[in-house]
Amino acid sequence: MDVTLLGTGAPAGLPRPDCPCAACAAALGEDARAATALLVDGALLLDLTPGAAFAAARAGRSLSGVAQVLLSHPHNGPAVEVPAGLPQPGRVPDGRELALLTGHRVRAVALDAPGTGYAVTGPDGQRLLFLPPGGAPAGLEEPAESYDMVLADVVGRPDALAKLRAVGSVGPTTDVVAVHLDHDVPPGPELRRRLAAAGARAVPDGATLVVGAYEEVPDVPRRTLVLGGARSGKSVEAERRLEAFPEVLYVATGGARGGDTEWAARVTAHRERRPGSWRTAETCDLVPLLRGDGPPLLIDCLSLWLTDAMDSVGAWDDAEWADGGERALRERVAELTRAVRATRRTVVAVSNEVGSGIVPATASGRRYRDELGRLNAAFADECEHVLLVVAGQALPLRG
């Protein structure tokens, strides 16, 4: 079964008409996208968009063999003209299945938003799932058989992927293709980077994909370190990297700090922007978590872990530091990095980058700065992917 993407953009396309934003200004060439529409084996058209016949011709395909046209999302605006020879567009009721003479079976998938998703099974058994913009499946049951390909609004609804992964509908070999792409993310390298972190990819309009061909499925890095200064956006970047995965364990190393209202407000803001399915553990005991099995870990942050470790070895007292404190800290950092190297869990860790600013005025401040630099370097050595976040922009240092 093959799928030709006549368009891969949002309903208004990309760039949006008359939009002056930077993302739209950069959406040129392969990054320009028409509204999403899929042609399956030349026989099934999912969503009828303006200029579908011309888009098919540009892709070297024809709509003359289309036996069924199905709509996935509510259509707002003027009616779309149906090209001559095409059947009238329709919609399959949720939960119902449609059998085509071509051997394809199409089942309507209920969503948590207006619209209809479609699960298509080809004559040879390959399975694909197509979701409309802003939609995620509702009422999923596990265990489920993995789809060979999923085409969905990965940027707008990363939680849809998390739900599909939770029940097994998206597995390690599922080809996840992002469609309905809008101007929320700058096109080009930044879009590809964000999608790869979710195990997804984007393709240009007119691309024909073979369902079940896995060589293009991106590998999600097992270990990632996200560095940045204060309010740089490093925590948001780290959270974004795991929002398409279910049951993430958020490891908060800062503790509750009873009575500190400003700290409590920070903690609340972090919790409110995290998916509801994530769990939180407030601990600095990271090694057992890294050695154990379980869902992905988001560690925020190593800077506070180091503060706790330096407290425990008396690092702020020069005499204690010289009399075994420094050696004890080195051993704790080495134990942590060994656990990172050996872990089988997906890990995203956050840390502050403090060595590029003003030199601290106190000896203890300089000691902390130096030890954090050493910790960051040692942790980064064990990671496949290292990012530096500056002004909300993630700069890849490795991977």
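In which sense, parallel or antiparallel, do β18 and strand β19 (residues 393-398) pair, and over how many bridges? The two strands pair in the antiparallel sense, over five bridges, where helices (H or I, at least four residues) and strands (E, at least two) are DSSP runs numbered from the N terminus, and two strands count as paired if DSSP finds at least two bridges between them. The model is a predicted one, in which local features need pLDDT of at least 70 and side-chain atom pairs count only at pLDDT 80 or more, while totals for chains, interfaces and linings use all residues. Residues are numbered from 1 along each chain as its sequence is written, and side-chain values use heavy atoms, with hydrogens and water left out.

Within the pair, leucine 388 has leucine 395 in β19 as its bridge partner, and the hairpin that β18 and β19 form has two residues between the strands, with alanine 391 in the turn showing a positive phi of about 55 degrees. Strand β18 (residues 385-390) is also joined by five bridges to strand β13 (residues 223-228), and these two run parallel; here leucine 225 is partnered by valine 386 of β18.

These strands belong to an open sheet of seven strands with mixed pairing, in the order β15-β14-β16-β17-β13-β18-β19. Because β15 (279-282) and β19 stand at the edges, each with a single partner strand, one side of each is left without a neighbour in the sheet. Helix α10 (residues 363-381) packs on the sheet and touches β13, β17, β18 and β19, contact meaning heavy atoms within 4.5 Å.

Conventions
Axes fitted to C-alpha atoms, helices over the stretch in contact; angles between N-to-C directions.
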